[in-house]
Amino acid sequence: MNKRTRFVILLAVLAICFVFLWPSISWYGRTPKEVQALALGSTEKIKDYAVAKASEDVRTIKDLAVKNASAKLSPEYAWIEKKAEKRYKANKQTVPAEMTAVAVLNAYSSEKDFLDDVQSKYRDEILKAKKAYTNSVKLGLDLSGGMNVIVRADLDEAVKAQKESLASVSEESVAAFDEANFRKEAIANAIENLSSRVDRFGLSSPVIRQQGSDRIYIEIPGAAQADAINTLIMGKGLLNFRLSNAAATQAFNDYYNQHPATTFNAAGELIDQSLIPEGYEVLGFYKKDAYGLDERTGYVVVSKEIALEGKHIQSATVTSSELGEIEVCFNLDAEGTKLFGDFTAAHVGETMSIVSDNKVKSDATIRTAITGGSVSLTGGFSFEEADNIKKVLQTAWLNVPLEVESQQVIGASLGDEAIRQGVMAILLGLGLILIFMLFFYKASGINAVVAQILNLYMMFSILSAFNLTLTLSSIAGMILTIGMAVDANVLVFERIKEELRAGKSRAAAISMGFDNAFWAIMDSNITTFIAALFLSQLGTGAIQGFAVSLAIGVVSSVFTALFVSRLMFDFSTDVFHAKKVSIGWGIKQ
């Protein structure tokens, strides 16, 4: 392979690494702190923020237009003027000579269109930052601060309570009870509930996973209040059935579509209570999006009076009817059967909503009185939609007692100190090694310096490419890699020195030095890589982080020592026509 091809390959590798590293540069170096705080929140929180900011801007511009028809917008709204100008052009209309507040409003056919266009600016800004964070190197709990919690689910108590509930129905129900499947569903439902609660709190990328058979591990990076988190963990999801008002819902949504900026205040409260009947309230209607997140798709006017509490539900399943229609079935206890029978008998033809944590998750028309305690919900559901409804119902009947077994809070100051010490350790280790290489191997030590810098550059880019997490143990692996990486340069340089002592020319000595050192370098690094690979697969936590960074460092150090350093030597030989090698003391050429 000639020098030009190798140089092109090197440039391509560096360019690809830069592309991988750019999200990290963008997130940590270019994103303001206030935008970071918003981007780390839940998707629902981002949406609420964008809607609130857009509503505020729309109200300000409307008020300005009413007060003075010829008034211009302040410079801070220059971006809105540009959007209005684009809208005029898109509609093939003449752009006004002066972009006044009235002219901006006239660019849109409705207030909702204007609100959506303004909202897109705030939404795109935060989602762009969120995407950069997703594709960047993450800081682990030991660096960013936060807390980890281990929660024990008392499955034995849950099984006991379920058997007692079934015994009140019939002995056959107890005999048919599948305890193993119940335990599996109970722990899965507990994780689902915890994920929903913690994410709704606006926390950044929580890690929630099952640990063992009955424990749940929760890791929450960033600042978090222990009391607030414990309340979320120990609290139960509030599930209930309520009557919804279809006519009032339609009227409210029609009004909201015409006045989206002035319907709710910044806190999300309804400004004009006369829009809905007395004794009712407005709740968001939510469905799972493609990412499994709750997405608000509209609003429903529901009664404040609860018709049936979720505690009366005993089981929930997804089945298929004789006609092949997917339906969600659930069974009620004796008290729930009577309450639900009376409620459905009194409201035949009306709409009932399933409400979970003040979110409407589903609604259905009551076609007849349901008095048997066995309820089937139909409505042209897909399997995914039916499964989501089943999970909502399970929040009530899979009542798993949770207990915080251990909790560790790590302050952000500790994270800052850990980062500072880690960076200092890397810089100090790198600096001392480079000083040694420059002193001991003279000008050839520059090759080692460049190789080490590129080695770190490539390591961070690979971490960013795979969205890996940087922890203290990862930094330790990097520091070890720095020491190991220079070992390859030492082997090559010593081989070159041996060839020079044997009277070889510069070109011959360099070629033979790299060839003779190749397998020694590969053997040592392959064995290290195998060890790191096993550690990464068998180890957990800090051990795994150390192993992953070590494995990445091994690959990048071999590339820089054998490929980059060789290219630099050959470049000096062929381009600068160097005849001698400055590679150590006492070498006569």
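A nonpolar core is a set of buried Ala, Val, Leu, Ile, Met, Phe, Trp, Tyr and Cys residues joined through side-chain atoms within 4.5 Å. Buried denotes under 20% relative accessible area, exposed over 50%, and partly exposed in between (1.4 Å probe, protein chains only). The model is predicted: local features need pLDDT of at least 70, side-chain atom pairs count only at pLDDT 80 or more, and totals for chains, interfaces and linings use all residues. Numbering starts from 1 along each chain as its sequence is written, and side-chain values use heavy atoms, without hydrogens and water.

The largest nonpolar core has 37 residues. Val492, Phe493, Ile496 and Ile583 have the most contacts inside this core. Helices 15 (412-441), 16, 17 (472-501), 18 (506-538) and 19 (542-574) each supply at least two of its residues. Helix 17 gives the largest share, nine residues. Helices are DSSP runs (H or I, at least four residues), as are strands (E, at least two), numbered from the N terminus. Ile583 touches Phe493, Ile496 and Leu500, among others (heavy atoms within 4.5 Å; residues up to four places away in sequence not counted). A second, separate core of 30 residues includes Phe241, Tyr256, Ile276 and Val282.

Gly341 lies in helix 13 (residues 334-346). Gly341 is buried, because its relative accessible area is 6%. Gly341 and Gly373 are 32 residues apart in sequence, yet 7.8 Å apart in space, C-alpha to C-alpha.

Confidence is given by pLDDT, the predictor's confidence in each residue, from 0 to 100. Mean pLDDT is 82 for the protein, and 88% of its residues reach 70 or more. Among the elements, helix 11 (residues 226-234) has the lowest mean pLDDT (55) and helix 4 (residues 78-90) the highest (91).
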